[in-house]
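Please look at the sequence and the structure first, then read on.

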Amino acid sequence: MLQQYKNILVPIDGSFEAELAFKKAVEVAKRNKAAIHLVHVIDTRAFQNVSSFDSTMVEQITEKAKETVKSYVKTAKEAGLEDIDYSIEYGAPKAIIATDFPKKLGVDLIMIGATGLNAMERLLIGSVTEYVTRTAACDVLVVRTDLDNKTIKKPRK
């Protein structure tokens, strides 16, 4: 019997790499008649050292995250995918993506964008993608290419 995925988790952070993972996940979900669960994790540790912490900052980040994930949901539905939902979470992205959500939702595949961090940043803070591939109990697919499996350069800003 062929492996068939039923619940696909796609972490979304607004990055180019996450968008590639999302696009591939839509196609995998359509072929497998699977559900996609989008998750955007707002890393609350980023606010620990902000001396002028203001709740409006978190609200602005949350609103931007909602806009992003809602646009992904719309795109997926326009592509013919019916079973898609999203969640915006607060905390440590590594644990939420690798452990918490897969257990909570019965995830059998995580499709995640390749890291965009440079070597020094990975050394100091670690890569979420690297952590997820090492610790998740389900299959993890790290997306590095477009829908035609061609490596594409990240657009310059």
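The structure is a predicted model, in which local features need pLDDT of at least 70 and side-chain atom pairs count only at pLDDT 80 or more, while totals for chains, interfaces and linings use all residues. Residues are numbered from 1 along each chain as its sequence is written, and side-chain values use heavy atoms, with hydrogens and water left out.

## The chain as a whole

The protein chain contains five helices and five strands. Helices (H or I, at least four residues) and strands (E, at least two) are DSSP runs, numbered from the N terminus. Along the sequence these elements follow the pattern β-α-β-α-β-α-β-α-α-β.

Of the 157 residues in the protein chain, 40% count as buried. Here, buried means under 20% relative accessible area, exposed means over 50%, and partly exposed lies in between (1.4 Å probe, protein chains only). The accessible surface of the protein chain comes to about 9700 Å², and 51% of that surface belongs to carbon and sulfur atoms. Such areas come from the Shrake-Rupley method with a 1.4 Å probe; for residues, only the protein chains shown count as cover.

Contact means heavy atoms within 4.5 Å. Among the contacts in the protein chain with a separation of 6 or more, 76% are between residues 24 or more positions apart.

## Two helix pairs

Two packed helices are described by the angle between their axes and the distance between the axes. Axes are lines fitted to C-alpha atoms, for helices over the stretch in contact, and angles run from 0 to 180 degrees between N-to-C directions.

The axes of helix H1 (residues 16-32) and helix H2, the latter spanning residues 55-78, come within 10 Å and cross at roughly 30°. That makes H1 roughly parallel to H2; angles under 35 degrees count as roughly parallel, over 145 as roughly antiparallel, 65 to 115 as roughly perpendicular and the rest as oblique. The crossing of H1 and H2 is right-handed. A crossing is right-handed if the near helix is turned clockwise from the far one by less than a right angle, and left-handed if anticlockwise. Glu-19, Phe-22 and Val-26 of H1 meet Tyr-72, Thr-75 and Ala-76 of H2 in this contact. By class, the contact of H1 with H2 has four nonpolar residues, one polar and one charged. In this classification Ala, Val, Leu, Ile, Met, Phe, Trp, Tyr, Cys and Pro count as nonpolar, Asp, Glu, Lys and Arg as charged, and the others, Gly among them, as polar.

The second pair is formed by helix H3 (residues 93-105) and helix H5 (residues 128-135), whose axes come within 9 Å and cross at roughly 30°. H3 is therefore roughly parallel to H5. The crossing of H3 and H5 is right-handed. On the H3 side the contact is made by Pro-93, Lys-94, Ala-95, Ile-97 and Ala-98, and on the H5 side by Val-128, Tyr-131, Val-132 and Thr-135. The residues of the contact of H3 with H5 divide into seven nonpolar, one polar and one charged.

## Individual residues

The table lists the relative accessible area of selected residues.

| Residue | Relative accessible area | Class |
|---|---|---|
| Asn-32 | 10% | buried |
| Ile-88 | 15% | buried |
| Thr-68 | 17% | buried |
| Lys-66 | 32% | partly exposed |
| Asn-149 | 55% | exposed |
| Lys-33 | 72% | exposed |

Asn-32 is found in helix H1. Leaving aside neighbours within four places in sequence, Asn-32 is in contact with Gln-3, Gln-4, Tyr-5 and Lys-6. The C-alpha atoms of Asn-32 and Lys-6 are separated by 6.9 Å, although the two residues are 26 residues apart along the chain.

Lys-33 is found in the loop between H1 and strand S2 (35-43). Phi of Lys-33 is near 50°, a positive value in a residue other than glycine. Asn-149, in the segment after strand S5 (139-143), also has a positive phi, near 60°.

Helix H2 holds Lys-66 and Thr-68. The C-alpha atoms of Lys-66 and His-40 are separated by 8.6 Å. Beyond its neighbours within four places in sequence, Thr-68 is in contact with Ile-12 and Gly-14.

Ile-88 is found in strand S3 (residues 84-91). With neighbours within four places in sequence left aside, Ile-88 is in contact with His-40, Ile-42, Thr-62, Ala-65, Lys-66 and Val-69.
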